[in-house]
Every structure is written in C-alpha cells, then in structure tokens.
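Please read it alongside the structure shown below.

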Amino acid sequence: MNQPPSSTESDTPLLEMRSIAKHFGGVMAVAGVSLRLDPGEVLGIVGDNGAGKSTLIKVLTGVYEPDEGDIRVEGRLVSIGNKRQSRQLGIEAVYQNLGLVDALDAAGNVFLGHELKHRVLGLTFLDNDRMAEEAARVLKEKVGIELEDIHAPTHHLSGGQRQAVAIARAIYATDLKILVMDEPTAALGPEETRHTLALMQNLKEQGIALIVISHNLDHVFRVADRVMVMRAGRAVATLSCQTSTKQEVLAHIVDAADIEAA
Ligand SMILES: Nc1ncnc2c1ncn2[C@@H]1O[C@H](COP(=O)(O)OP(=O)(O)OP(=O)(O)O)[C@@H](O)[C@H]1O
Ligand SMILES: [Mg+2]
C-alpha cells in the first residue's frame, strides 16, 4: 500500500493531470478532470459507459490531444502529442487484445521494432535465441509468468498470457513508470483474472504506477490504492480503497451520493 507522503520528494507527484478537457463535436467527453498519481501507486478509474474514462487516459497516452489542461510528469510540464512522446516519458498502455502481432511469438512481439541482432562474417542476423531468452527472462522476472512454449505464435496464447506479453513489451521498450490498463480483466476467466491481478501487484512492487480502468469494483478494490469516479466527463469523487466501501463508490457512479449530499 502507498506510504503517506513524508519527504519533499514524495510531495511531487509522478503524474499530475490538471483540468483536462476533450470534446468530440458536440460531445464533452472529458470536462475538466484533474488527477494525481504517486510512484508505485495504483489508481482505479471507474464510471458508467461513456463517462469519459478511456478518453481521459488516451490524452495521457498521446492518442488524443486535449482541448484544455496540462500534464506534469515528475513536476515538469510536458506536451504529449503522440504515442511516441508518451512512451518516451515512461508511459505505456496495454489493452488485452490490441497491439500484438498475432503471427509472431512472444519474443517477436517483445522486441518488435528494436530487434536484437548479431553479426557473423560481416553479415547481420536476427539473434532469435537471445531474444527468446530475454523475453522469457522478462516475462518470468518482471511480469511473473512462464509460457509453456516461448515460440508459440501469440494467437495461440490465452487472453491473460497475451496481456502479459504486451506488458513485457512495455517494460522492455521503455523505462516504464506508468502503465495504463483499460479493462484488463474484462475478457478473462477466473484463473487468468487472478493472474492479472497478481501481475499488477508485482508491477506495483517494482515501483511502477498503474492506472486501471475497470467496471469490476471487486477487482479495483483488490489492487487499487485510490479510486476516481467519473460521470458524464467529470471526476465526481476520488476515494481511498482502504477507508471507503464499494457501496460508496457505486453510489457515486450512479449519482446517489450526490443526490444524498444535496
Ligand atoms: N473517437 C470518438 N469520436 C467521437 N466520440 C467519441 C470518441 N471517443 C469517445 N467518444 C464519446 O465520448 C464519450 C466518452 O467516451 P469514452 O470512451 O471515454 O467512455 P468510457 O468511460 O471509456 O466508456 P466505456 O466504459 O463504455 O468504455 C462518449 O459519449 C463517447 O461516445
Ligand atoms: Mg472505455
């Protein structure tokens, strides 16, 4: 669990998004949302369909440019115009079924775009053995899974295993500081869900901060330190998972808490 801030260092959040707004035509998808995230912290984002959760995190990962608002990473004002810039700041997103090349195996995906090579008699070859070894090592040590067959094409892997490969790639490609997961457990069975939640805990222990969007409050409460509730493009509440209940969070999602407070 997150330590209370005690030193000056921990006063500067890892990430701060301030007054972010994004509209699509007449739809105000995100209407002035602010959030902060500390190193190794897990922030859940919940809310009804269309609340603006995915749009908000796509602003962070460089998919959309915000209409308003600013983003600070480790206290520094940054501009995130595309996915590459987001990645350079140590921010990555994984989606369960997106972003893997199905026909390639785990190593092919982990090293996609930055393949390891070796030279023999003046010719350059892909170093497939070293990539397979490295991919297996990262999967085991950093992500906490062992694949039965490291050479299996990823479309032969289960949803949870595919997600693990995508995370291994994120860890390998960058000095990963923030991992964004949009509905990481939505399509998983109970065993794979358990694995994915354990994997998140593992990443958190390595000091990687997570932003986890989910409709499943049980899953959110198992991994998150705090949970932010979005409704109609706004952040209507941010609650501690230690001191709040799922019922309270649910009440904010469906508007009852605000009606009660009024
Ligand atoms: N690319 C887009 N073009 C037009 N409208 C969009 C686009 N993306 C999202 N929207 C709209 O913005 C609003 C917020 O959508 P968003 O996908 O952020 O919601 P969400 O909270 O992630 O919902 P869900 O839980 O269903 O994934 C919705 O009204 C949606 O229709
Ligand atoms: Mg969404």
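In this predicted model, 11 residues of domain 1 are in contact with 14 residues of domain 2. Domain 1 is assigned as 1–90 + 177–262, and domain 2 as 100–173. The C-alpha centres of domain 1 and domain 2 are 28 Å apart.

**Area buried between the domains**

- The size of an interface is often expressed as the accessible area lost when the parts come together.
- Here domain 1 and domain 2 bury about 870 Å² between them, and 59% of that area is on carbon and sulfur atoms.
- On the domain 1 side, the residues that lose the most area to domain 2 are E192, L199 and Q206. Together E192, L199 and Q206 account for 41% of what that side buries.

**Polar and charged pairs across the interface**

- Between domain 1 and domain 2, five residue pairs are in polar contact, with both residues at pLDDT 80 or more.
- The count of salt bridges across the interface of domain 1 and domain 2 is zero.

- Two elements, β9 (178–182) and α6 (190–205), each give two or more residues to the side of domain 1 that touches domain 2.
- Of these, α6 supplies the largest share, six residues.
- By residue class, the side of domain 1 that touches domain 2 has six nonpolar, four polar and one charged.

**Surroundings of ligand 1**

- Ligand 1 is surrounded by 13 residues, and the closest are N49, G50, K53, T55 and H215.
- Which residue has a side-chain N or O atom 2.6 Å from an oxygen atom of ligand 1? That residue is T55.
- The backbone also takes part: a polar backbone atom of G50 is 2.8 Å from an oxygen atom of ligand 1.
- For A51, a backbone N or O atom lies 3.1 Å from an oxygen atom of ligand 1.

Notes. Residues numbered from 1 in each chain as written. Chains lettered and ligands numbered in written order. Predicted model: local features only at pLDDT ≥ 70, side-chain atom pairs only at ≥ 80, totals over all residues. Heavy atoms only, no water. Domains from an automatic or database assignment. Contact = heavy atoms within 4.5 Å. Buried area = accessible area lost by both parts, 1.4 Å probe. Salt bridge = Lys/Arg side-chain N within 4 Å of Asp/Glu carboxyl O. Polar contact = N/O pair within 3.5 Å; in protein donor to acceptor, adjacent residues only side chain to side chain. Helix = DSSP H or I, 4+ residues; strand = E, 2+ residues; numbered from the N terminus. Nonpolar A, V, L, I, M, F, W, Y, C, P; charged D, E, K, R; others polar. Near = heavy atom within 4 Å.
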